[in-house]
Amino acid sequence: MIFDLHEQREAWALDPTVHHCNHGSYGAVPSVVREMQRAVQDQVQQNPVRFFAREAQDRVAAARAQIAAFLGQQPEQIALVRNATEAASTTLRGFPFQRGDEAIVLDQEYGAVVYAVQRALASAGGVLREVAIPMDDDAAHIVAAVEAAINSRTRLLVVDHITSATARILPVQQLADLCRSKGIAIAVDASHAPGQIDLDLDRLDADFWFGNLHKWVCAPLGSAVYRIAPRWQARMRPLIVSWRDVEGYPAPWDMLGTVDVSAWLAAPAAIDFFNRIGWQRLRAANQERMRYGREMVLAALGLSKDILPPDAIAMGLVPLPHMEGGRAACAALQKRLGEVYRVESAITTCAGAYYLRVCGQLYNSAADYEALASAISTELRG
Ligand SMILES: Cc1ncc(COP(=O)(O)O)c(C=O)c1O
């Protein structure tokens, strides 16, 4: 089986003795983008004073403008941050919860982001409501379940656009419309969205939106976008206070002391890399790989390919029978697959169920998924 764009495999410098089937967790950076990042770091070291005192801010603004254009935004509509975790923490640290206020998360929300919500509510004396979303719930049911959880004390909904553990696209536009109609804020955790799906951030008009570029845009680690709706911009401030703190959004985020900004400056090279291929073709090629891998693992485990049909993204699920032990058990199985079989994968758990999440990226070949299927069936079935 030869996938479309197989010749691009050489664009990454991944360890060839490992089968890399988990692009979703940490991404992977093409060599041409790494070279761009190294070139920026070299320029910094040739004259750190010139770079930071006279060049860095213009160059960050230029990179932000290119990233904004990629997302269909104006430069001043987005801030650059290091990752989704930072944007989530900033949102929750700045959100004006008061005693008795409530926030809603779905049971498929990313755990670290839920911790940020919990911490903010704990210090304000607020209450967290978790809404269970069965795996076969459609968009209408999800919206109805959230609506049923909203009451007069609800202030904020935090929701993934694409879930991590369960690889689902959630109906964030309908949820944003619902929140607006109820007068509550919505924070959309779009960590996996940039590069994977079409986005219309103006129409979505989330109060807070954040997405990683280091996942499906394959930008260097530490590049992410934090969009704050104009109605919140005066209130929301970076977690770190630095020289541009007195300016309006998004300037304070451009300058957080002396830090390595090479990831942001090299992120446009990743956008260019995929622009040359074409995003629609890239997505189709990645999904083709994921579907092949998912079906191969399902077959190896004796499961029907109709179980948990994947959404139109490059991540799909295989349910894992007979597992228990929570996140520690997931980590242990993931480690065994990685270290014994040299197959990197994502083993996830949500609402008491366990999954293998299969990803597709241009560096994957059929052999990667054959190795994954063989490894997981040997582990689970002997
Ligand atoms: C849905 C979701 N939110 C947040 C994150 C955190 O991303 P980061 O570690 O880049 O901050 C992830 C990472 O996988 C994620 O999948």
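This is a predicted model: local features need pLDDT of at least 70, side-chain atom pairs count only at pLDDT 80 or more; totals for chains, interfaces and linings use all residues.
The domain assignment divides the chain into domain 1, made of residues 6-29 and 278-381, and domain 2, made of residues 47-272. Taken over C-alpha atoms, the centres of domain 1 and domain 2 are separated by 27 Å. Domain 1 contributes 19 residues to the contact, and domain 2 contributes 17 residues. On the side of domain 1 that touches domain 2, two or more residues each come from strand E9 (315-319), strand E11 (346-350) and strand E12 (353-359). This side of domain 1 consists of 11 nonpolar, 5 polar and 3 charged residues.

An open sheet is formed by 7 strands in the order E2-E8-E7-E6-E5-E3-E4, and its pairing is mixed. Strand E2 (78-81) and strand E4 (127-131) are the edge strands; each has a single partner strand, so one side of each has no neighbour in the sheet. From one strand to the next, the twist averages 20°. In general, strands of a sheet pair through backbone hydrogen bonds, in either a parallel or an antiparallel arrangement. Strand E2 and strand E8 (residues 224-228) run antiparallel and are joined by 4 bridges. Leucine 80 has valine 225, in E8, as its bridge partner.

Two helices are described in relation to the sheet. Helix H4 (residues 84-94) lies across E2, strand E6 (185-189), strand E7 (208-212) and E8, and runs at about 165° to E7. Helix H6 (residues 139-149) packs on the sheet, where it touches strand E3 (102-106), E4 and strand E5 (154-160). The direction of H6 makes about 155° with that of E4.

Glutamate 370 is located in helix H14 (residues 366-381). There are 18 other C-beta atoms within 10 Å of glutamate 370, which is therefore partly exposed. Along the sequence, glutamate 370 and alanine 300 are 70 residues apart, while in space the distance between them is 9.3 Å, C-alpha to C-alpha.

Note on methods
Residues are numbered from 1 along each chain as its sequence is written. Two strands pair if DSSP finds at least two bridges between them. Axes are lines fitted to C-alpha atoms, for helices over the stretch in contact, and angles run from 0 to 180 degrees between N-to-C directions. Two residues are in contact if their C-beta atoms, placed from the backbone, lie within 7 Å. Domain bounds come from an automatic or database domain assignment. Ala, Val, Leu, Ile, Met, Phe, Trp, Tyr, Cys and Pro count as nonpolar, Asp, Glu, Lys and Arg as charged, and the others, Gly among them, as polar. A residue is buried if 20 or more other C-beta atoms lie within 10 Å of its own, exposed if 12 or fewer, and partly exposed in between; C-beta atoms are placed from the backbone.
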